[in-house]
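Student: I have a new model open and would like to learn to read it. Where do we begin?

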Amino acid sequence: MKVQWQDSLEIGIIDIDIQHKLLFDKVNAFLTACETKAGLDEINRLFWFLEAYALTHFREEERLMQEIMYPDLVKHKERHLAFVKEVNVLKERLRQEGPTDTLTASAKLFISEWLYEHISKMDRALEEYVVLEQRRNAFS
């Protein structure tokens, strides 16, 4: 039940593309631990690591957006915050229910849909802005 990385998700900003691929790896490590009924400590550790890595990635993206004065920074940050809030809900469910099949399926559905949607739309728009700014600067 893995979340598949697709090369079409690459946005051309190398650091961000690498971080996105690592996010997929972290999601898959968590899902695999749940599916194989790894110990609860291991599952919790992987989920907390996934959450921490996502937060680190969001900070890096937001730092880049601030540096280039990206006009949709606030909207982008709001989407990151919405993800964090939902992950907190999943974390609480994990604490209360444990790694049930229902929780695992919910986590996979939410995280995979969010990643695909966010990267293919929000991060793609960031990439388009970066390319546009590079062209403007080249002709200045």
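Predicted model: local features only at pLDDT ≥ 70, side-chain atom pairs only at ≥ 80, totals over all residues.

Student: How many helices and strands does the protein chain have?

Tutor: Helices (H or I, at least four residues) and strands (E, at least two) are DSSP runs, numbered from the N terminus. Here there are four helices and zero strands. Read from the N terminus, the order is α-α-α-α. Along the principal axes, the C-alpha atoms fill a box of roughly 60 × 25 × 20 Å.

Student: What share of the contacts in the protein chain joins residues 24 or more positions apart?

Tutor: Contact means heavy atoms within 4.5 Å. Take the contacts with a separation of 6 or more: residues 24 or more positions apart account for 71% of them.

Student: How do I read the angle between two helices, say helix 1 and helix 4?

Tutor: Axes are lines fitted to C-alpha atoms, for helices over the stretch in contact, and angles run from 0 to 180 degrees between N-to-C directions. Angles under 35 degrees count as roughly parallel, over 145 as roughly antiparallel, 65 to 115 as roughly perpendicular and the rest as oblique. The axes of helix 1 and helix 4 cross at roughly 175° and come within 11 Å. Helix 1 is therefore roughly antiparallel to helix 4. On the helix 1 side, the contact residues include F24, V27 and F30; on the helix 4 side, they include A107, I111 and L115.

Student: Which classes of residue make up the contact of helix 1 with helix 4?

Tutor: Ala, Val, Leu, Ile, Met, Phe, Trp, Tyr, Cys and Pro count as nonpolar, Asp, Glu, Lys and Arg as charged, and the others, Gly among them, as polar. The contact of helix 1 with helix 4 has 13 nonpolar, two polar and two charged residues.

Student: At what angle do helix 3 and helix 4 pack?

Tutor: The angle is about 170°, with the axes 11 Å apart. So helix 3 and helix 4 are roughly antiparallel to each other. Among the residues that meet are F83, V87 and L90 in helix 3 and F110, W114 and M122 in helix 4. This contact of helix 3 with helix 4 holds 10 nonpolar, five polar and six charged residues.

Student: Are helix 2 and helix 4 roughly parallel or antiparallel?

Tutor: Helix 2 (residues 40-67) and helix 4 (residues 101-138) pack at about 10°, with axes 13 Å apart. That makes helix 2 roughly parallel to helix 4. L50, F58, E61, L64 and M65 in helix 2 meet I111, W114, H118, D123 and L126 in helix 4. Seven residues of this contact are nonpolar, one is polar and two are charged.

Student: What is in the largest nonpolar core?

Tutor: Buried means under 20% relative accessible area, exposed over 50%, partly exposed in between (1.4 Å probe, protein chains only). A nonpolar core is a set of buried Ala, Val, Leu, Ile, Met, Phe, Trp, Tyr and Cys residues joined through side-chain atoms within 4.5 Å. The largest one has 36 residues, and I13, V27, F30, F47, F83, L115 and L126 have the most contacts inside it. Helix 1 (14-35), helix 2, helix 3 (73-97) and helix 4 each supply at least two residues of this core. Look at F30: leaving aside neighbours within four places in sequence, F30 is in contact with I43, L46, F47, L94 and A107.

Student: Is E51 buried or exposed?

Tutor: E51 lies in helix 2. E51 is buried, because its relative accessible area is 11%. Beyond its neighbours within four places in sequence, E51 is in contact with V87, N88 and K91.

Student: Which loop holds K37?

Tutor: K37 lies in the loop between helix 1 and helix 2. K37 is not a glycine, yet has a positive phi of about 55°. At 54% relative accessible area, K37 is exposed.

Student: Where does M69 lie?

Tutor: M69 lies in the loop between helix 2 and helix 3. M69 also has a positive phi of about 55° and is not a glycine. With 68% relative accessibility, M69 counts as exposed.

Methods
Residues numbered from 1 in each chain as written. Heavy atoms only, no water.
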